[in-house]
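Dear colleague,

I am passing on to you the structure we spoke of, and below it I have set out what was found, topic by topic. Please have the model open as you read.

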Amino acid sequence: MEKINFNNDITWRYIALRVALVLGTVGIIVWFMPRDNKVNFKMEVNKVWLYNDLNAQFDFPVYKTDSLVQAEQKEVLRDFAPYYVYHHNVSERQEKLLSEHLRKNFHGFGYHFQHVMLNTLHLVYALGIVDTMEPLDQQGDSAQMLRRINGKDVTMVSALKVMTPRQAYERIVRSPEMTVYREVLKEIDLNNFLEPNLTYDEDRSESARLDLLNSVPLAVDVVQSGQKIISQGEVVTEKTYQIIASYQKEWDRRNESDSAFNLMVSGETLFVLIIITLFIIYLSIYRKDFFEQMRYVGMLFMLIIIATLMASLLVEHSLLHVYILPFAIVPIFVRVFMDSRTAIMTHLTVVLITASILQKPLEFISVEMIAGLVAVFSLRELSSRSQLFWTAILTSMAAMLTNLAIFMIRHNDFSQIDNDEYVFLAICGIVIFCSYPMLYLIEKLFGFTSDITLIELSDMNKDLLRRMSEVAPGTFQHSIQVGNLAAEIARKIGGNPQLVRTGALYHDIGKMQNPIYFTENQSGGISPHNGLTYIESAQMIISHVTEGLKLADKYNLPVQIRDLIATHHGQGKAKYFYIKYKNEFPDKPVDDLLFTYPGPNPFTKEQAILMMADAVEAASRSLPDYTEQSIRQMVNKLVDGMNDEGYFRDCPITFRDVQYAKTVLIEKLKTIYHTRISYPEMNNAAQ
């Protein structure tokens, strides 16, 4: 377990690790925060505006609806006339070629045929043959005219008169003048003489079309900076809807630049850094015991990161509602494994960071903080699953009532209430109740032990405890008594009663390997130590600690229980055999380590409590009489001796705590060993 002495042992590695944790947490949270910086108001026409009063922060135009703009653009495009360039030499060239072709191959039909044919072709070219009708077809009925460019002159021509080469061919064939010559026309390949003399000018046409589109104004009004757009509780009309939509659009346009993006990210980073730094300062000043151990700090920051990331993802993708997230799980988990004050501070950190990405931060802070406080207050200790059920119920009710209270403050009409919010809060309560498996996951991930796990381990039907009750009944009864004494002390001086009670049940499990060597399991006055040397006897007694640790590993007991097994004698000595040896061999040198427990000495308050309770309960069985004076002298002698020998030097227990512990031990032993009155026997006369 990591221990840091802040007076002497502050190292760069220790500082760097925590600085890296803070910066890494800030980086992860900021990275996943919504990046669009949009004001995404959820609104509908003829529905109540649920947000705070909205005032314009800058001047902006009120844009028309897309449908209105499209209708006006369609109307203005009726005047659109695409540009076509006229090539007069095309008709001259093609008419000349056709004339030569007719004289050479069809001179037998006479002058009239040639004259009609050439006149018809000339008429078609005069009307115009275009290379494409696509620009005219795209406009539909809107395009009635086209602009014909002939050098510097531009004239308007009806779009209905011009033809494609195919249409020109059909017009020549079907013309009345050519009726009598249709059979002859089949022998003339007219397609060779039909070449477009009007080519589409795409650049001029597109420029003219854009000019027309740009002539349509996109805005109908202007809102001045500071002007009220809508008040909370007001019904959203079509006009107001368009004003708010225009406000959102203008907001997005103003924040598209890199400078705006960088400013936003810098602000987010600074805000999150301030919150996380204050949280770290709280831990380092007020909960130094947690701050010194990375498993505690790691769990706290993991919960903060997960909670804020889930909120960011919901907002980024506009999924459901942020109230569906069980933020109250954070203080619940911290309360179960740490304390109430740290749970509240952690919850405050999560809520403040999350609120910075929401549209209604004040309402969110109010609802979630009250829900978190109720969760902490209703869960002083998690000793059964039913407690989590009632915590979930109370938390949900508190959140709903807070949300309702805020609604009543801001509105006077219950028809405007948003029922979805209460559905999400109810679902959140269900998620909190179903979060029990996550407690087990955190226990295994960070090496914690919850009260529920301790209660389960305290079950006398557990294989290890049941075996001890059968194999070493004296040790088993001793462990129960030690657990009762230790739990009472823990309640008095602020330890964990359930942890120390459970640890007491297992602290002597190593005695099961050789139970007869321990006096509480002996009967008949015969001791197996009579056949052993003092050193061998001491080693046999000491071995119950190492054997207990082996059994703890075999049965996968939590690390806190293993530490209680290892420290319940600290680095003390097997004094009975040590003193015997010193008295019998006063001049013979002795290796003290042969009589010394492996330790270590206690380094938590619960370990110190167990050491005191274990020693006092064992010694109380050897008292010749159980008077208040004898009990008090025994307790003071044992506990003061432990203190004088430095067993409590490494654990956070004060002299006041030790005095309270001695008082509890004395009072409990007086109650246990109280003198009973003798019942009188009935004499013969009374019979």
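Two strands are said to pair if DSSP finds at least two bridges between them. By that rule, strand E3 (residues 83–86) pairs with strand E4 (residues 145–150) in the parallel sense, over 3 bridges, and in this pairing Tyr84 stands opposite Arg148 of E4. Please keep in mind throughout that this is a predicted model.

Strand E4 also pairs with strand E5 (residues 153–158), here in the antiparallel sense and over 6 bridges, with Ile149 standing opposite Val154 of E5. E4 and E5 form a hairpin that has 2 residues between the strands, and Gly151, which sits in the turn, has a positive phi of about 70°.

Next, the interior. In soluble globular proteins, nonpolar side chains tend to be buried together. In this model the largest nonpolar core has 67 residues, and Met299 and Met338 are those with the most contacts inside it. Helix H12 (residues 294–316) supplies the largest share of this core, namely 12 residues. If neighbours within four places in sequence are left aside, Met338 is in contact with Phe290, Tyr296, Met299, Leu300 and Phe448. There is also a second, separate core of 51 residues, which includes Ala486, Leu564, Tyr647 and Val664.

Leu564 leads on to helix H24, where it is one of the buried residues, together with Gln560, Ile561, Asp563, Ile565, Ala566 and Thr567. Because 7 of the 9 residues of H24 (residues 559–567) are buried, this helix is largely enclosed by the rest of the structure. What do the buried residues of H24 pack against? They pack against H12, helix H19 (451–457), helix H22 (497–506), helix H23 (534–554) and helix H26 (605–620).

Leu270 belongs to helix H10 (residues 258–286), and it counts as exposed because its relative accessibility is 52%, where exposed means over 50%.

Several loops deserve a careful look as well. Gly494 is found in the loop between helix H21 (473–493) and H22, and with a relative accessible area of 58% it is exposed. Although Gly494 and Lys605 are 111 residues apart in sequence, their C-alpha atoms are 8.7 Å apart in space.

The peptide bond from Gly599 to Pro600 is cis, with omega near 10°, and Pro600 is found in the loop between helix H25 (575–584) and H26.

Finally, the charged side chains. How many salt bridges does the structure hold? It holds 22 salt bridges, and I describe some of them here.

- Asp201 and Arg204 meet through their side chains at 3.5 Å, N to O; Asp201 counts as buried at 16% relative accessibility, whereas Arg204, at 44%, is partly exposed.
- Asp508 forms a salt bridge with Lys511, with the closest N and O atoms 3.2 Å apart. Asp508 counts as buried at 1% relative accessibility, and Lys511 counts as buried at 8%.
- Glu617 forms a salt bridge with Arg621, where the closest N and O atoms are 2.9 Å apart; Glu617 is buried at 3% relative accessibility, while Arg621 is partly exposed at 44%.

Beyond these pairs, Glu628, Arg632, Glu667 and Lys670 are linked in a network of salt bridges.

With best regards

Definitions and conventions
Residues are numbered from 1 along each chain as its sequence is written. This is a predicted model: local features need pLDDT of at least 70, side-chain atom pairs count only at pLDDT 80 or more; totals for chains, interfaces and linings use all residues. Side-chain values use heavy atoms; hydrogens and water are left out. Helices (H or I, at least four residues) and strands (E, at least two) are DSSP runs, numbered from the N terminus. Buried means under 20% relative accessible area, exposed over 50%, partly exposed in between (1.4 Å probe, protein chains only). A nonpolar core is a set of buried Ala, Val, Leu, Ile, Met, Phe, Trp, Tyr and Cys residues joined through side-chain atoms within 4.5 Å. Contact means heavy atoms within 4.5 Å. A salt bridge is a side-chain nitrogen of Lys or Arg within 4 Å of a carboxyl oxygen of Asp or Glu.
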